Amino acid sequence: MIGVLVRMKVLLGLLPGICLLLWACDGESNREHSIPETISYNLHIRPILSENCFACHGPDANKREAGLRLDREEDALSALKEQPDRHALVPGNPDASEAYQRILSTDKNERMPPPPSNLSLTDNQIQLIKKWIRQGAEYEPHWAFVPPRKAVLPDIESKDWVQNEVDYFVLAAMEEAGLNLNEPADKSSLIRRVYFDVLGLPPNAEDLDRLAGKDLNLDALLDTLFANPAYGEKMAVHWMDLSRYADSHGYQDDYYRTQWPWRDWVIHAFNQNLPYDRFITWQLAGDLLPEAGKEQLLATAFNRNHKITEESGAIDEEYRVMYAVDRTNTLGKALLGMTLECAQCHDHKYDPISQKEYYQTFAFFNTVAEWGIEEASPGFSKKSPAKVPLMEIGEEDVKDILHFVNLPDSARRVQALLANMGKGTNYNSLLAEADVLKVSVMGEPDSARRTFLLDRGMYDAPKEAVEPGIPKAILPFPDHLPKNRLGLSKWLFDSENPLTARVFVNRIWQELFGKGLVATPGDFGMQGNLPVNQPLLDWLAVDFIESGWDVQGLIRKIMQSATYQQSSVVPPEKFEKDPGNRLLSRFPRQRLPAEAIRDLVLASSGLLHREIGGPSVKPYQPEGLWEAATSGRGNLSRYLQDSGKYLYRRGLYTFIKRTVPPPSMMIFDASNRDACEVERLQTNTPLQALVMMNDPVVLEASRVLAEKLLETGSPTPNLIRAAFYRILGRKAEKEEFQILLANYDSFYSGYSEEPERADTMLSVGEYPRKDSLPVVERAALMQVISLMYNLEETITKS
Amino acid sequence: MEKEILDHRLHINRRHFLSKLSLGLGSAALGSLMIPDLFRGNELSGDGGGQLGIPHFAPKAKRVIYLFQNGAPSQLESFDYKPKLREMWGEELPESIRMGQRLTGMTSSQNSFPLVGSFSDFQQYGEARAWISDLFPHTAGIVDDICIIKSMHTEAINHDPALTFFQTGAQQGNRPSMGSWLSYGLGSENSNLPAFTVLLSKGKGNGQGVYSKLWNNGFLPATHQGVQFSNGEDPVLYLNDPNGMRAAERRKMLDHLAALNQISFEKSGDPEIQAKIAQYEMAYRMQTAVPEATDLSREPEHVFEMYGEDSRKPGTFAANCLLARKLSESGVRFVQLYHQGWDQHGNLPSEMALQAKDVDQPSAALVKDLKQRGLLDETLVIWGGEFGRTNYSQGKLTKENYGRDHHPRCFSIWMAGGGVKPGMVYGATDEFGYNITENPVHVHDFQATVLHLLGLDHERLIYRHLGRKFRLTDVSGSVVPALLT
């Protein structure tokens, strides 16, 4: 015992230097209140132990105190290393369980967790542990490491509500809490919701008219929408966040890069409904497939979308290692829902992932024949928009296999590469590259390179050599698979892999409902949240696998549920019972993502230029942002705004310069694409109000829509109604209409007195003005439309 | 109307806040949290949790003005006097000093590392007899108010990762900036202004650019994003109403907007709609408050004289220092300045003189100005770059000209006010100005100390993201008690 204590004190003295205090699990407060009949290790105990104990008594062998490990049953129940006559846990007997006694201890030198750790257990947590020990201290394997199975549909009372299997599971959980689904949403809300979720666009007036007056046939509508190429664009947005896609290399002078053909492929793949297993396999290992062609090779650009340095003086190996680390961490977060990166410097503190396993996984991505900083190496072009290994895309490719790549004419390509460049070495080398489009992809492995465990994650501190492998606790790597990225893909889609399907299904759920069934979409490990409805998650995951990884099928399945189709009204009693709406007793209203807000404004005003793919574009942006932040060097030192149709492309085509990303998107919580992101926040700030009021794109759209409507020659009230219908997807109520009309009148009278002010107002934007129309009416109508764009409902999926 | 909105927000904030409380809090602390902080916005999602708006202990500083010298000014021509380097001019850097430490790709292929002393002379100033280069006469004049730290060191050797490390505590670039952390931890003192603002300027020296990721909120909610200010026409992005719009018309439009949103609220019952109404009201108030806070036209003549001629030119470092004082005085928690142009790989003597001229007088004026207004005690001013520079010349060394490469092993910064011990020189380097010999201060120690001065414990200012608790100081750092009053 004394030995334990002494060691513990030594350890605590070192606390600031080690990271065991930085980790915590999600102590969900709703479990604080009552002690359930049966205590479950996964539901009740593991979160407590993970938060408070595993840092010193968990998977990390180097930080383990007193040789005691509490995360594995066989270790926790065996005799204590330093007191062979005592046991940390004695099933059925809390009094004999040393761990429990130490939790109770009032002696601050004895008590666990040790007081200097700032951790402590609540009475409720202590009671849970006591009862769990009394009930036999039974461990359960971590839920996410057990392959999902389809459970029998639960028996529920309100069968009348059910549309499909999803509802059985949702209702079962809800009934337990005394809740029920809302009434079905009204038709116009549901249509708008479905459009945003499938196309990322609002329904246009013609669609609404066509769907009016008869019952909604959702299946038929989905057939139409899935056939619309806007679907692929909508789905690409999230995939671009996850794949840290951008249009610049990301460091310092931050030159232009040309990864956009990969984005065009992503759109195409979603539109083809490429099954998820192939979608991922091509991206991870398209170059290794026996049937590999240019399309599969292009898909592998996924693993080259990370930042790449061009900063003079950078140390080659340091950055090369960093890129392989980025790929490894992206695999973890995006495809496995595991925080692999925690094992880069030491064994994982909470999840059963050793540092060695981290570098085994890293080994899959460490053999790329690439440079950390290419331009420092002899024979390389400077500031190239693509880095080796790379592929070239010529006009003949685009006519044939890569027909989905929207290749611009060479003049535009040259302009993108050489804009802002003063004459000199960099100019000359870029000029030499301008004639052919290049994309960084995965390629021929550098077979000479071996992988070593890196001490503390340092690139220059290699230790023992490791072979490619994966964290065994997830699923052992089958012997017959090749130890390369192709084998890794096969392992991901092994029918027993417990994570791949769950993680993807969860993110699709998150796209539709705002929050995943697991609220931590990038962490299905010990520190992640437990699924709010595991039987549902598992049912959907298995169904997804059985469907042949059919992505559209998955979305359709969820949308066919009453859960998805219910109204978003928030009844006060439901708000009281479940303020966070985790049980989904109403459809969660959600603010649209940055891209969809832009698309809504452009689409409803008729400004949207429907062209798919191609190089990213530079729409209006406040002046001077790139210029203020630049050293003056590089082809992105000045923001050369596009003109004409390029001003009106969908949000996903907006140029992302990583070091200065587009401000209106960032204000609406977009990702700056520094690293893989699997969720976005939904904040509500005054800066967002300023964007909606004053961003030229919103003002221009308001003007253009006003002009288009005035051209019809209808009376003003009809025009106001028509604009409302286009923007909000429903007819204005009488009361709403009165306010809109009053708004029109107030601007009308102001502008009548000073028509020159109206004229100034109409000067916004490059889109040609319709000056044959009356100025005062135009400007007043423009103001009413601008008001509509600022409505909360306009930018909300409800 | 407005009152109801406020009341409602207060209600929401409180409930939202109370639902997030996981740690025990005294009633006194809770009381102060009842003050509505509209700028904070409403955080709809995120798995954060944690303790907002709570100093962990009595703060010395309430606000920070950080004068970041972007590109890394040479410590050897500013605050770290090394006569030995003049004596040994042109001689090789001894291997016993370099000890095989890594070099950047720019000088690693150099076959000679000739030592070079400062082209400018040094004198001693103040009670601490601190050595300061003749390039910084005004800074020398405030020497008794500042604390010079000569023993800073960092982990990165290139600009982008080093800057990112200084500002976010990690090199890779997707973490919240220091200002975002303070906004998250302490909120804004002025509910009409953002808690974290950014001002940019450029000198004439070789520059390295800045990156807006440096004032990014990372995984914190977007309300904690740094807001870039300028004293130009549109001081905050999207702030100005379009040409031809009257303030009264905007007011009317907002009234109509609120009425329509209210109808929507009555139909759907979603409290987010009321939060949205409040955010529009806040935006409207910002439209008045920000131009007032950034208007330098009413500053008296002697103030411009103190900050120097440049302070009359919008966008200069001097004008930004004056603007920083105004914003800070208005309650902006963290004002971050960046002055670019400090990357003297070559032409160091001419460029460094120009850069010093840009910043010396206004930096000193800012400290004096705050002191005269009685604000220095509660305002922490920080001056410094992302790393230091080598004691040997990069490129050709001549009698008139030389350059210096990046040097992360030691560099100098200064701090003033806000609970920092004035008139002190802390830490020391060897006679070659290459290695630290006394009291090293790591970037994480520096960050821990800054947070401490603001009443925050760097190990407890945490945010939970994807199952892990993150902090500004990542996994290390200790407060440096010797720097505190």
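**Figure 1. Contact between chain A and chain B in the predicted model**. The contact draws 82 residues from chain A and 74 residues from chain B, two residues being in contact if their C-beta atoms, placed from the backbone, lie within 7 Å. The elements that give two or more residues to the side of chain A that touches chain B include α27 (625–629), β8 (683–684), α32 (734–753) and α34 (775–789) of chain A, where helices (H or I, at least four residues) and strands (E, at least two) are DSSP runs numbered from the N terminus. The largest share of this side of chain A, 8 residues, is supplied by α32(A). This is a predicted model, in which local features need pLDDT of at least 70 and side-chain atom pairs count only at pLDDT 80 or more, whereas totals for chains, interfaces and linings use all residues. Residues are numbered from 1 along each chain as its sequence is written, and chains are lettered from A and ligands numbered from 1 in the order in which they are written.

**Figure 2. The largest nonpolar core**. A nonpolar core is a set of buried Ala, Val, Leu, Ile, Met, Phe, Trp, Tyr and Cys residues joined through C-beta atoms within 7 Å; a residue is buried if 20 or more other C-beta atoms lie within 10 Å of its own, exposed if 12 or fewer, and partly exposed in between. Of the 334 residues in the largest core, those that touch the most other members are A:Leu298, A:Val505, A:Met788, B:Cys147, B:Val381 and B:Met415. Helix α9 (residues 271–294) of chain B gives the most to this core, with 11 residues. Leaving aside residues up to four places away in sequence, B:Met415 touches B:Ile146, B:Cys147, B:Leu380, B:Val381, B:Ile382 and B:Val420. Another core, of 25 residues, lies apart from the largest one and has A:Leu70, A:Leu89, A:Ala137 and A:Met526 among its members.

**Figure 3. Packing of α13(A) against α20(A)**. Helix α13 (residues 276–285) and helix α20 (residues 485–492), both of chain A, pack at an angle of about 155° with their axes 9 Å apart, the axes being lines fitted to C-alpha atoms over the stretch in contact and the angles running from 0 to 180 degrees between N-to-C directions. The two helices are therefore roughly antiparallel to each other, a label for angles over 145 degrees. A:Ile280, A:Thr281, A:Leu284 and A:Ala285 in α13(A) meet residues of α20(A), including A:Arg485 and A:Leu492.

Figure 4. The C-alpha atoms of B:Pro83 and B:Gly117, 34 residues apart along the chain, are separated by 6.9 Å.

Definitions and conventions
Angles under 35 degrees count as roughly parallel, over 145 as roughly antiparallel, 65 to 115 as roughly perpendicular and the rest as oblique.
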